[in-house]
Amino acid sequence: MKKILDQAVREIGEHREEIIAKLLELARTDLLFFWGENKDLFLRQKEKWMPILDWAGDLLKAKLEKTDKLDVPENKEMKAPMAKVLNEMSNKELACYYAAALNMRSALLALALVKGKIDAKEACDLSYLEELWQNEMWGTDPEAKSKRQERCEELQEIEKYLKS
């Protein structure tokens with residue numbers, strides 16, 4: 001993972017604007033914007049995800065909309081402040097942010113990880129909140145569990161690299 005992140009730091013140095021544009025597009029469809037319709041899942045999302053949404057909204061000075069439908073919330077207020085935050089990151093921070101955001105399907109969780117709001121374990125738990133809830137309801141798929149563990153280990157490596 002270190003070699004991959006080292007390469008990402010170099011790539012960001014060469015293609016920073018293009019990468020930030022891709023990350024801003026990814027942020028539009030952040031995992032934390034899409035909530036379940038099931039009451040128990042919704043309550044868990046509210047308990048676990050709202051603190052991150054509130055923190056990110058404060059950081060970005062933007063009201064972040066969520067949905068329980070398939071349509072993507074607009075969240076137009078967040079684009080310019082998010083661009084500013086990303087542009088202020090070092091190439092190393094941005095490489096870690098990029099890797100974490102892709103890993104978790106969440107630009108906001110990646111931001112919280114890079115900014116030290118949450119650690120890799122919490123980031124992993126939050127990014128797999130719905131899957132973990134489903135496991136409680138219907139049992140665990142061993143292949144999905146293995147893939148989740150692999151991604152969580154990657155997040156720990158990203159966090160370690162970020163702090164090095």
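What follows is a conversation about the terms used for this structure and the values behind them.

Guide: This is a predicted model, in which local features need pLDDT of at least 70 and side-chain atom pairs count only at pLDDT 80 or more, while totals for chains, interfaces and linings use all residues. Residues are numbered from 1 along each chain as its sequence is written, and side-chain values use heavy atoms, with hydrogens and water left out.

Visitor: Why is the pair Cys124 and Cys152 called a disulfide?

Guide: A disulfide is defined as a pair of cysteine sulfur atoms within 2.5 Å. The sulfur atoms of Cys124 and Cys152 are 1.5 Å apart, so the pair meets that definition. The two cysteines are 28 residues apart and link distant parts of the chain, Cys124 lying in helix H6 (residues 120-127) and Cys152 in helix H8 (residues 142-163). Helices here are DSSP runs of H or I with at least four residues, numbered from the N terminus.

Visitor: How do you know that Cys96 is in no disulfide?

Guide: The nearest cysteine sulfur, that of Cys124, is 16 Å away from Cys96, and the definition asks for a pair within 2.5 Å.

Visitor: What makes Cys96 buried?

Guide: Buried means under 20% relative accessible area, exposed means over 50%, and partly exposed is in between, with a 1.4 Å probe and protein chains only. Cys96 has a relative accessible area of 0%, and therefore counts as buried. Both Cys124 and Cys152 are buried as well.

Visitor: Why is Gln45 called buried, and what lies around it?

Guide: Gln45, which is placed in helix H2 (residues 39-60), has a relative accessibility of 0% and so counts as buried. Contact means heavy atoms within 4.5 Å, and, leaving aside neighbours within four places in sequence, Gln45 is in contact with Phe34, Trp35, Gly36, Met50 and Leu129. A polar atom of the Gln45 side chain lies 2.9 Å from the backbone nitrogen of Gly36.

Visitor: Why is the aromatic pair of Trp35 and Phe42 called tilted?

Guide: Rings of Phe, Tyr and Trp (its six-membered ring) pair if their centres lie within 6.5 Å, and planes under 30 degrees apart count as stacked, over 60 as edge-to-face and the rest as tilted. For Trp35 and Phe42 the values are 5.2 Å centre to centre and 55° between the planes, so the pair is tilted. Trp35 is buried at 5% relative accessibility, whereas Phe42, at 32%, is partly exposed.

Visitor: What makes the pair of Trp133 and Trp138 edge-to-face?

Guide: Their planes stand at 85°, with the centres 6.0 Å apart, and an angle over 60 degrees counts as edge-to-face. Trp133 is buried, with a relative accessible area of 6%, while Trp138 is exposed at 64%.

Visitor: How do you know that Lys66 lies over the face of Trp35?

Guide: A charge sits over a ring if NZ of Lys or CZ of Arg is within 6 Å of the ring centre and within 35 degrees of the ring normal. Lys66 is at 4.9 Å from the ring centre of Trp35, and the charged end of Arg105 likewise sits over the ring of Tyr128, 5.6 Å from its centre.

Visitor: Which residues of helix H7 are buried, and how do you know that they share a side?

Guide: In helix H7 (residues 129-138), Leu129, Trp133 and Asn135 are buried. They cover an arc of only 155° around the axis, which puts them on the same side of H7; the arc is that of the directions from the helix axis to the C-beta atoms. What covers these buried residues includes H2, H6 and H8.

Terms used. Polar contact = N/O pair within 3.5 Å; in protein donor to acceptor, adjacent residues only side chain to side chain.
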